[in-house]
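Student: I would like to learn how to read strands, helices and contacts in a model. Can we work through one together?

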Amino acid sequence: MMMDIGLVVFGGLSWAMATFLVAAGLTLIFGILHILNFAHGGFFMVGAYLAWAMIEALGGGVSIWTYIAVALVSGAVVGALGVLVDVTIFRRLRDVEDAYALIATYALLMVCIGAIELIWGLDFRAIMPPEALNSALFIGDLIAPTFTIFIIVCGVVVYVALEVFMARTETGKLVRIVAHDAWMARLLGLDVTRIYLITVVISFALAGLAGGLLVANQGLSPELGGVFLLQAFGVVIVGGMGSIRGAFLAALLLGQIESIGGMLFPNYPGIFYLVALAGLLLIRPQGLLTKGRTEWV
Amino acid sequence: MTEPLLNVSGLDAWYGGSHILHSVALNVDEGESIALLGRNGAGKSTLLKALLDAGPRSSGLIEFGGQSLTGMSTENRARAGLMLVPEDRRIYPDITVTENIALGRIAARGRGASVSMEDIWQSFPLLEPLKDRGGGQLSGGQQQLVAVARGVFGCARLLCLDEPVEGLAPVVVDEMARDIARLRKMGLSLLIAEQNLAFVRACTERVFLIDSGVIVFSGNWQDFDADPTLKDRYLAV
C-alpha cells in the first residue's frame with residue numbers, strides 16, 4: 001500500500017494541535033486543582049459561538065488579524081466566566097470527594113449546552129476561515145490548507161507560551177509550588193486561593209481561545225464540545241494527568257497514530273485513536289510524563 | 001505584665017471522630033522559647049497544626065499578638081507571623097535552597113523585612129555553600145535546616161518546630177542547637193515539639209508536657225527535673 005508520508009504527518013500535526021489547544025486548559029486545571037473539568041468542552045463551545053457571533057456581527061469575512069483578535073476576546077470572556085465558576089462552584093469542591101467534582105462539572109457542561117441552545121438555537125452554524133487562510137500551500141505533492149497551518153502554529157505558540165509562563169514567571173513558579181504542595185504553601189502564608197483562581201482563569205481562557213481559533217471550518221452545533229473533549233481527555237490521560245508537556249507530546253503521538261489509521265482504514269475514522277489510547281494505557285498507565293504529585297491531609 | 005505572644009486556652013481538636021486534644025492551655029511570651037514534650041501520638045503535632053488550622057478540626061481560644069485567630073485562614077495566620085515548620089519538612093524539590101527560603105518572604109512582603117538573606121547564611125552557616133543546590137538534592141539534615149531557615153525568613157514572630165531533630169545524626173543535632181541559639185539572640189520566639197530531651201533542654205527555658213491530648217505538666221526545667229516520675233510516666237517508651 002502506498003502511503004504519502006507528508007500527508008500523514010501533516011494530518012497528524014493538524015489533529016494534534018487542534019486537540020492540544022483544547023487539552024491544554026484541561027490538563028492545567030487538573031494538575032493544579034485536581035479537578036477533572038467535564039465542563040471544559042462546554043466552555044470551548046461557548047468560546048466558539050462567541051467568536052462566531054462576533055464575526056457575524058462584523059459582517060462575515062474578516063481579516064486574519066481580526067480573526068485572531070476575536071479569538072482572544074472569546075478567551076478573555078470565557079476567562080472571566082472562569083472567575084464566576086471558581087468562586088461559585090470550584091471553591092466548594094476543594095474539601096469534598098472527587099465524585100462531587102465529577103457531578104458538578106458534568107452539570108456545568110449541561111448548563112453550557114443549555115445556554116448555547118437558548119441563545120443560539122440548535123441550527124448548524126458555519127463560518128469560513130479568513131481570506132488569507134482560505135487557500136493552500138503546495139509543498140511537493142502535499143496540499144496544505146493554510147488554515148490548518150495556522151492551527152498548527154497556534155498550538156505551538158500556546159504550548160511555548162505556557163511553558164515560558166510556568167518556568168520563567170513568578171506567578172508560574174507559585175502555580176508550580178501550589179501544585180506540588182498546597183498545604184505547605186498555606187503554611188508559608190501564600191495566597192493559595194488566589195493562585196487557584198488564576199489557574200482557573202487561565203484554563204477557561206484557553207478553552208475560549210481554542211473555541212475562537214478553531215471555529216472556522218467546523219460545523220458549529222451544541223454537540224461540538226463533546227467531540228473535542230473526548231480527544232482532549234485521551235491526550236491528557238496519555239500525557240500524564242496534569243502535565244502540559246505530556247499533553248503536547250501525547251497529542252503529537254496520538255495525532256500521528258490517528259492519521260496513519262485514517263489512511264489505512266478510511267472507513268473507520270477515529271477508531272485508531274481509541275485503539276492507540278487503550279494500547280498506550282496498557283503500556284504506561286501513569287501516562288508519558290507524570291508529575292511529582294503528592295497529596296496530604 | 002504584658003500579654004503573651006501566644007495564648008491558648010480550652011483548645012479541643014478532632015481528626016474525624018477521634019477527639020485528640022482536650023482543653024489544652026498554653027502560652028508563649030515574646031522572646032521566649034518553649035518545649036512541648038510528649039510521646040509519639042501524645043498530640044504534639046496536632047496541637048501545632050491546630051494553631052495554624054492546618055489539619056484537625058478545633059475549637060477553643062487561640063490568641064496571637066493580642067488578636068483572636070478564630071475564623072482566620074491558615075495563610076493569614078502565617079502572615080501574622082505564626083510559622084510552622086512541619087515534621088516532614090516539605091522542601092520543594094524543583095527549586096533551589098535560596099528559592100525555597102525566599103518563599104517564606106513572598107507572603108510577608110510589606111510586613112517589614114527584619115531578617116536578610118545574609119542573616120540567614122550567618123545563622124545557618126552549613127546552608128550557604130548549598131544555596132544553589134536543588135531542594136531535592138539535600139540530605140535529611142540539610143532539608144531540616146532549610147525548613148527552619150524558610151520559617152525564619154518568613155518574618156516569623158513565633159516559630160513552631162515539629163520534631164526538628166528527629167532522625168538526624170548527632171552532629172547535625174548539635175548544629176541545629178547552635179543555629180537555634182543564634183536565632184534566639186535575634187529575639188525570635190520558639191515553640192519546639194521534641195522527644196530529644198538533651199537537645200530541647202539546651203534550646204528552651206520552659207516546658208509543657210502533653211499526654212493523650214492533655215497538658216499534664218507545665219513549668220521550668222528545674223520543676224520538671226524535680227519530679228523524676230514525669231519522665232518515667234510520660235516519656236519513657
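Predicted model: local features only at pLDDT ≥ 70, side-chain atom pairs only at ≥ 80, totals over all residues.

**Reading sheets, helices and an interface**

Tutor: Let us start with a sheet in chain B. An open sheet of 4 strands has the order β2-β1-β4-β5 (chain B), and its pairing is antiparallel.

Student: What does pairing rest on in general?

Tutor: Strands of a sheet pair through backbone hydrogen bonds, either parallel or antiparallel. Now the case here. Strand β4 (residues 57-64) of chain B pairs with β5(B) in the antiparallel sense over 2 bridges.

Student: Which residue in β5(B) does B:E63 stand opposite?

Tutor: B:S68 stands opposite B:E63.

Student: Which strands does helix α1 (residues 44-52) of chain B lie across?

Tutor: Helix α1(B) lies across β1 (6-15), β2 and β4 of chain B. The helix runs at about 70 degrees to β2(B).

Student: How many residues lie between β9(B) and β10(B) in their hairpin?

Tutor: There are 2 residues between them. In the turn, B:S212 has a positive phi of about 50 degrees.

Student: And where should I look for side chains along a strand?

Tutor: In a regular strand the side chains alternate between the two faces of the sheet.

Student: Now helices. How do I describe a packed pair?

Tutor: Two packed helices are described by the angle between their axes and the distance between the axes. Take chain A. Helix α1 (residues 5-33) of chain A packs against helix α9 (residues 224-239) of chain A at an angle of about 60 degrees, with their axes 8 Å apart. The two helices, α1(A) and α9(A), are therefore oblique to each other. Their crossing is right-handed.

Student: Which residues make the contact of α1(A) with α9(A)?

Tutor: From α1(A), the residues are A:T19, A:F20, A:V22, A:A23, A:L26, A:T27 and A:F30. From α9(A), they are A:F228, A:Q231, A:A232, A:V235, A:V236 and A:G239. By class, this contact of α1(A) with α9(A) has 9 nonpolar, 4 polar and no charged residues.

Student: At what angle do helix α5 (residues 146-168) of chain A and α6(A) cross?

Tutor: They cross at roughly 80 degrees, and their axes come within 5 Å. So α5(A) and α6(A) are roughly perpendicular to each other. In this contact, A:F165, A:M166, A:A167 and A:R168 of α5(A) meet A:G172, A:V175 and A:R176 of α6(A). The classes are 4 nonpolar, 1 polar and 2 charged.

Student: How close do the axes of helix α3 (residues 97-106) and helix α5 (residues 140-153) of chain B come?

Tutor: They come within 6 Å and cross at roughly 35 degrees. The crossing of α3(B) and α5(B) is right-handed. Residues in the contact include B:V97, B:I101 and B:L103 of α3(B) and B:V146, B:A149 and B:F153 of α5(B). The contact of α3(B) with α5(B) divides into 7 nonpolar, 3 polar and 2 charged residues.

Student: How many residues of each chain are in contact across the interface?

Tutor: On chain A, 15 residues are in contact with 19 residues of chain B. The elements that give two or more residues to the chain A side are α6 (170-180) and α7 (182-187) of chain A. The largest share of that side, 4 residues, comes from α7(A). By class, the side of chain A that touches chain B has 8 nonpolar, 3 polar and 4 charged residues.

Student: What does the UniProt annotation "transmembrane region" cover in chain A?

Tutor: The unreviewed UniProt entry lists several spans, including residues 228-253 and 265-283 of chain A. In the model, residues 228-253 of chain A are 85% helix and 0% strand, with end C-alpha atoms 17 Å apart. Residues 265-283 of chain A are 68% helix and 0% strand, with end C-alpha atoms 24 Å apart.

Notes:
Residues numbered from 1 in each chain as written. Chains lettered and ligands numbered in written order. Pairing = 2+ DSSP bridges. Contact = placed C-beta atoms within 7 Å. Axes fitted to C-alpha atoms, helices over the stretch in contact; angles between N-to-C directions. Nonpolar A, V, L, I, M, F, W, Y, C, P; charged D, E, K, R; others polar. UniProt positions renumbered as here; feature names shortened; annotations may be inferred. Parallel < 35°, antiparallel > 145°, perpendicular 65-115°, else oblique. Left-handed = near helix turned anticlockwise from the far one by under 90°.
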